[in-house]
Amino acid sequence: MKLRDGPSACPSLWRSLPCPPAELRLDLVLSSGQTFRWWESSPGAWTGVLGERVWTLRQEQDRLWYTVYGEEQDGRPDGAETDQILRDYFQLDVGLPALYRAWGAADPLFRKVANDFPGVRVLRQDPVECLLSFICTSNNHISRITAMIERLCQAFGRHLCCLDARPIHAFPSLSALAGADTEARLRALGFGYRAKFVSGTARAIVEGLGAEGLRRLRTVPYAEARRELCALPGVGTKVTSSVGCGAPALDGRRRSSSAPTSARARSWLAAGTRPGGAEEGTIADAVPPKDTPEGAEPPGSAAEVGITAPAPSLECAGVRAAACSLPTVFLGRAAAQGGEAGGG
């Protein structure tokens, strides 16, 4: 199957959504270490796997264009369904410019950095993929994590298609990763000590919560979700914070995510967020937890702007002030939103 890098290639197979750069920047979001299944297949075009489909996305002016592979026989993808998949994945129902203005009003350093990094969003990802991917981020970096996840998918995931002779696979199912030989196979693929945690967590979920039970953690109080997740092999506070989700709150609104204090984030938070400096934890650990009131801003998304920006752009506590000055709820959940990749 031939890669399509823009709407000019087979226009009938492309659709678009209204989406100005202030609402979303693909180049910043998909390369930030929240997700590891997308690559820049040609300048400005991003190809990856979402919902067991293979997509290419492109932004042109105020439109987000996309094409879905393998549905050519229908002439074009089912627009209502695929539009909603993208809206949910990028959380496009949350208006970003107003949040940027609020965060900027809370902190001038944030305002200065945010002007150069518009459209940074926290993704709403599949809970199984997000959790198992972030188990692989311990003491790691984005390029290596991406290669590991690609090997994982090739070895255990269902083959979806080939694009210009490149095989594309779905993320593995829990059952595919729960086999008795999974740990040994993962070690052979270079996962090291993480092999035990990936296979052990997959097996524990299959034998316990199940995929739907994992998804239901979106709706329970944060402390309860965190206890459940931290009982899984290799899952601690860093992973639970990194996989925080934009889950529906009790009133039907989405609540904010936690923001992980790992690597660069910890260096910014060290000034005042936790006694003795910021160790494992989240921005919201420094603030009393509460449900986000209607209209409250998601602080995890504020921190993601800082995580995306080069470290020198944010001096020490800029992200901390922007996020912690706002109404805060922390939700380290195994579901939709990812945080910074990498471990301590």
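Entry 1. I began at the hairpin of strand 6 and strand 7, where two residues lie between the strands and Asp164 takes a positive phi near 50°. I am working from a predicted model. Strand 6 covers residues 159-163 and strand 7 covers residues 166-169; I found the two running antiparallel, joined by four bridges. I then looked up the partner of Leu163 and found Arg166 in strand 7.

Entry 2. I went to the hairpin of strand 4 and strand 5 next. There are two residues between these strands as well, and Gln61 has a positive phi near 55°. Strand 4 (residues 53-60) pairs with strand 5 over six bridges in the antiparallel sense. Opposite Gln59 I noted Leu64 of strand 5.

Entry 3. I asked which strand is joined to strand 5 by four bridges. I found strand 1 (residues 15-18), which runs antiparallel to strand 5 (residues 63-68). Here Ser16 stands opposite Trp65 of strand 5. For my own reference, side chains in a regular strand alternate between the two faces of the sheet.

Entry 4. I stepped back to the whole chain. The protein chain has 15 helices and seven strands. Of its 344 residues, 55% are buried. I also looked at how far apart in sequence the contacting residues are. Among contacts between residues at least 6 apart, 72% join residues at least 24 apart.

Entry 5. I turned to helix 5 (residues 127-135). Nine of its nine residues are buried, so helix 5 is largely enclosed by the rest of the structure. The buried set includes Glu129 and Ser133, along with Cys130 and Phe134. At the N-terminal end of helix 5 I found a cap: a side-chain oxygen of Asp126 lies 3.1 Å from the backbone nitrogen of Val128.

Entry 6. I checked how helix 5 sits against helix 9 (residues 194-207), and noted that their axes come within 9 Å and cross at roughly 155°. Angles over 145 degrees count as roughly antiparallel, and helix 5 and helix 9 are therefore roughly antiparallel to each other. The crossing of this pair is right-handed. On the helix 5 side the contact is made by Leu131, Leu132 and Ile135. On the helix 9 side I listed Arg194, Phe197, Val198, Thr201, Ala202 and Ile205.

Entry 7. I looked up Arg144, which has its place in helix 6 (residues 142-156). Is Arg144 buried, partly exposed or exposed? I recorded partly exposed, because the relative accessibility of Arg144 is 35%. The side chain of Arg144 makes a polar contact with the side chain of Asn140 at 3.2 Å. Leaving aside residues up to four places away in sequence, Arg144 touches Gly190 and Arg194.

Entry 8. I recorded Thr82 as buried because its relative accessibility is 0%, and the cut-off for buried is under 20%. What does the side chain of Thr82 make a polar contact with? The partner I found is the side chain of Tyr66, at 2.5 Å.

Note on methods:
Residues are numbered from 1 along each chain as its sequence is written. This is a predicted model: local features need pLDDT of at least 70, side-chain atom pairs count only at pLDDT 80 or more; totals for chains, interfaces and linings use all residues. Side-chain values use heavy atoms; hydrogens and water are left out. Buried means under 20% relative accessible area, exposed over 50%, partly exposed in between (1.4 Å probe, protein chains only). Contact means heavy atoms within 4.5 Å. A polar contact is a pair of N or O atoms within 3.5 Å; within protein, one must be able to donate a hydrogen and the other to accept it, and residues adjacent in sequence count only if both atoms are side-chain atoms. Two strands pair if DSSP finds at least two bridges between them. Axes are lines fitted to C-alpha atoms, for helices over the stretch in contact, and angles run from 0 to 180 degrees between N-to-C directions. Angles under 35 degrees count as roughly parallel, over 145 as roughly antiparallel, 65 to 115 as roughly perpendicular and the rest as oblique. A crossing is left-handed if the near helix is turned anticlockwise from the far one by less than a right angle, and right-handed if clockwise.
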